[in-house]
Amino acid sequence: LVSDEGFALVFDAAGTMLRVQRVKEVRPAQYTALGWQVPDIAAKVEELEKAGVQFERYGLPDQDEKGIWTAPGGAAKVAWFKDPDGNILSLTQF
């Protein structure tokens, strides 16, 4: 914890500033609220599934049994999951 500004907490996450906004009421976002780029999405999905994370399946064309969607042309692969508050988070491999 770097600072508590009353309306937000600021953390140093291994040299990256992470700012967490305080709110009175949490409402799940119906869009991807936060995402991470990963070098090997299949390996990361497998790792997170073993830890109990459930990946979302939207019935998209080119979304596999693990929930990994391949963008047209194969430029990116994306997998979505929810945080404990129901916000949608993602992993992306370019």
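Mentor: A polar contact is a pair of N or O atoms within 3.5 Å; within protein, one atom must be able to donate a hydrogen and the other to accept it, and residues adjacent in sequence count only if both atoms are side-chain atoms. This is a predicted model, in which local features need pLDDT of at least 70 and side-chain atom pairs count only at pLDDT 80 or more, while totals for chains, interfaces and linings use all residues. Residues are numbered from 1 along each chain as its sequence is written, and side-chain values use heavy atoms, with hydrogens and water left out.

The part to look at is Gln-63, placed in the loop between α1 (41-50) and β5 (69-70). Such labels are DSSP runs numbered from the N terminus: helices are H or I with at least four residues, strands are E with at least two. A polar atom of the Gln-63 side chain lies 3.1 Å from the backbone oxygen of Glu-56. A polar atom of that side chain also lies 3.4 Å from the backbone nitrogen of Gly-59. Gln-63 counts as buried because its relative accessible area is 15%, where buried means under 20%, exposed over 50% and partly exposed in between (1.4 Å probe, protein chains only). Contact means heavy atoms within 4.5 Å. Neighbours within four places in sequence aside, Gln-63 is in contact with Glu-56, Arg-57, Tyr-58, Ile-68, Trp-69 and Trp-80.

Thr-92 is found in strand β7 (residues 88-93) and is buried, with 13% relative accessibility. Among its contacts beyond four places in sequence are Val-38 and Ile-41.

Elsewhere, 3 strands form an open antiparallel sheet in the order β1-β2-β3, with β1 (3-4) and β3 (16-21) as edge strands that each pair on one side only. Strands pair if DSSP finds at least two bridges between them; β1 and β2 (residues 8-13) have 2 bridges.
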